[in-house]
Amino acid sequence: SKGCSHPGETKAQTYKLTKALSAAFEEKNGTYLCRTLKGVPDGTVRRSCPGCISDACQLIEEYLLKSLFAADVNPSAATFFAIVRLLSTDGTCAGA
């Protein structure tokens, strides 16, 4: 956040962006949960770890390119950390 003078301002932006990016990732892959992507529940591997990283990078790249032309978008470091956390929510790919 921007500190005490603007509480919650960047946090709300980060949540909004994380929700949009996770929805885009889910639309592309059917889920954003590593466990399901790796086929743990049913044995069907939907996407490899490198493929997930590639997809996430592509989504972030698209976002950054759009932000260059939009005055109302101001990405923060917390936003990018939230995206990385999103991809390892269940811990299945941690350290992979």
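This is a short tour of a predicted protein model, stop by stop.

**Stop 1: the whole chain.** Start with the protein chain in cartoon view. Of its 96 residues, 28% count as buried.

**Stop 2: the largest nonpolar core.** Select L17, L21, F25, L37, C52, L59 and Y63 and show their side chains. These seven residues form the largest nonpolar core. Colour helix α1 (residues 9–29) and helix α3 (49–68) to see where the core comes from: each of these two helices supplies at least two of its residues.

**Stop 3: L59.** Stay in the core and centre your view on L59, one of its members. Which residues does L59 contact, leaving aside neighbours within four places in sequence? Show L21, A24 and F25, and you have the answer.

**Stop 4: N29.** Next, follow helix α1 to N29, which lies in this helix. Is N29 buried or exposed? Its relative accessible area is 13%, and buried means under 20%, so N29 is buried. To see its surroundings, select L37, R46, R47 and D55: N29 touches these residues, not counting those up to four places away in sequence. You have met L37 already, as part of the largest nonpolar core.

Note on methods:
Residues numbered from 1 in each chain as written. Predicted model: local features only at pLDDT ≥ 70, side-chain atom pairs only at ≥ 80, totals over all residues. Heavy atoms only, no water. Buried < 20%, exposed > 50% of the residue type's maximum accessible area, 1.4 Å probe, protein only. Helix = DSSP H or I, 4+ residues; strand = E, 2+ residues; numbered from the N terminus. Contact = heavy atoms within 4.5 Å. Core = buried A, V, L, I, M, F, W, Y, C linked by side-chain atoms within 4.5 Å.
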